[in-house]
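Welcome, and please open your viewer. We will go from stop to stop, selecting a few residues each time and looking at what is there.

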Amino acid sequence: MAETESPTPKMGRAATCAPAAAVPAAAARIPRWDTMRFWLMVLVIAGHYLQQLNGAHDDGIATATVQIALIYSFHMPAFFLISGMLARHALASDRFPARRVVSYALCGFIAELGQRLAEAAAGNGMQFNLVHSMDISWFMTALIVHTALTWLLRDADRARLLLVSVLLGCLIGYDRHVGDLFSLSLVLTNWPFYVLGTMHDAHEVDRRIGAVPHARACGVAWFAVLACLFSLRVDVTEMLTKVFLWQNYPFEDTSLVPLLWRLAVYVASLGGCLAFAALMPAGETRVATTLGRRTMAPYCLHWPVLLICIWGRLFFALPDALGFVGAEAACWLIGIVLTLVLSLPPFWTFVHWFSRA
């Protein structure tokens, strides 16, 4: 969720930022990040549909497995990175960003409630888990914790805080007791991307990416090479996807090897974030840039639609009707359509009003 930010804020109590009102409205929006958030949301929805398609066929669709790994290698870390950059000004202030935290909490509540109501409508009973969540609302829980924790530590040296957060994320796998209580494993393993975002000014990062020669070609090359590597060993890629999920799949090896693997995954995810940002146009695009400011609506509301598709056995019917390649293409088309539709009124109006309550 984009908020206004100071062009050059400094972290820490010693340098309090200028009031948000001093920031021109035009300077608050950066087209690259709004456009990127739109396409990241397409990846979120398409990834969920591809996962269900693959799972319906015992994870036996090699091309779907590779696509899922490519998506999950960077898409949620990219959201945290952007969120950190856009929250940089608020987190440098001595005033706790309560409105931002409340917005995240209420959006998470909408997502959780929508999922539970859909399950109840299907005859599966009404269950509501306030503290145990690994479904769609985990992202909002993570943003709440990241925002509060980073603000409380606003006086800390950012480089040291990043190092600590990375080490904590690496060590999580050695603790077999960290599970889905408040999505703790996901919260902690993704925190480094949020901290890294708060270390960089969004305008400056946008400028630097635009100044890189052949940046878009480099972005294409990154994903082409990664796709080739994933395709060579689909069995390994399938296991690697679990690592990219950032959940607490406990390390079976108690040596330092898993820690080194997690470090490699952090580097790979950051590379994917930068490569995808390089693919985005620097200027505004008519649809994607505008709707990229409303990504909370499709994020909160697409899950009930997915559940209906699962119960309607769509993921068995699609390959029968279109073949596997056609079914995968349909997942991408659904991702685009749902992102577009759920970003429009009344969906966006409802989520925006509720989250600002």
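Where is the place of Val 341? Select Val 341 and you will land in helix H16. Before going on, a word on what you are looking at: this is a predicted model, in which local features need pLDDT of at least 70, side-chain atom pairs count only at pLDDT 80 or more, and totals for chains, interfaces and linings use all residues. Residues are numbered from 1 along each chain as its sequence is written, and side-chain values use heavy atoms, with hydrogens and water left out.

**Stop 1**

Keep Val 341 selected and show its surface. Val 341 is partly exposed, with a relative accessible area of 37%. Helices here are DSSP runs (H or I, at least four residues), as are strands (E, at least two), numbered from the N terminus.

**Stop 2: the loops on either side of H16**

Next, select Pro 345 and Pro 346. The peptide bond from Pro 345 to Pro 346 is cis, with omega near 5 degrees. Pro 346 is in the loop between H16 and helix H17 (347-355). Then select Arg 313, in the loop between H15 and H16. Arg 313 is not a glycine, yet has a positive phi of about 60 degrees. Most residues other than glycine have a negative phi, and most peptide bonds are trans.

**Stop 3: a salt bridge network**

The structure holds 10 salt bridges, each being a side-chain nitrogen of Lys or Arg within 4 Å of a carboxyl oxygen of Asp or Glu. Select Asp 34 and Arg 293, whose closest N and O atoms are 3.0 Å apart in a salt bridge. This pair links distant parts of the chain, 259 residues apart: Asp 34 is in helix H2 (residues 31-55), and Arg 293 is in the loop between helix H14 (288-291) and helix H15 (296-311). Asp 34 counts as buried, at 2% relative accessibility, while Arg 293 counts as partly exposed, at 30%.

Salt bridges that share partners join Arg 29, Asp 34, Arg 37, Glu 284 and Arg 293 into one network. Glu 284 is exposed, with a relative accessible area of 56%.

**Stop 4**

Select Arg 208 and Glu 204, whose side chains meet in a salt bridge (3.1 Å, N to O). How many residues apart are Arg 208 and Glu 204 in helix H10? They are four residues apart in H10 (residues 202-211), so about one helical turn separates them. Arg 208 is exposed at 52%, and Glu 204 is partly exposed at 27%.

Now move to His 214, in the loop between H10 and helix H11 (215-232). His 214 has a positive phi of about 55 degrees although it is not a glycine, and is exposed, with a relative accessible area of 65%.

**Stop 4: a kinked helix**

Select helix H9, residues 184-198. Is H9 mostly covered or uncovered? Mostly covered: 14 of its 15 residues are buried. Look at Trp 191, where a kink of about 40 degrees lies shortly before the proline Pro 192. The bend at a residue is the angle between axes fitted to the seven residues ending there and the seven starting there.

**Last stop: two cysteines**

Finally, select Cys 300 and Cys 107. The sulfur of Cys 300 is 4.5 Å from the closest cysteine sulfur, in Cys 107, which is too far for a bond. Cys 300 counts as buried, at 1% relative accessibility. A search of the whole structure finds zero disulfides, a disulfide being a pair of cysteine sulfur atoms within 2.5 Å.

Conventions:
Buried means under 20% relative accessible area, exposed over 50%, partly exposed in between (1.4 Å probe, protein chains only). The expected span of a helix is 1.5 Å times one less than its number of residues.
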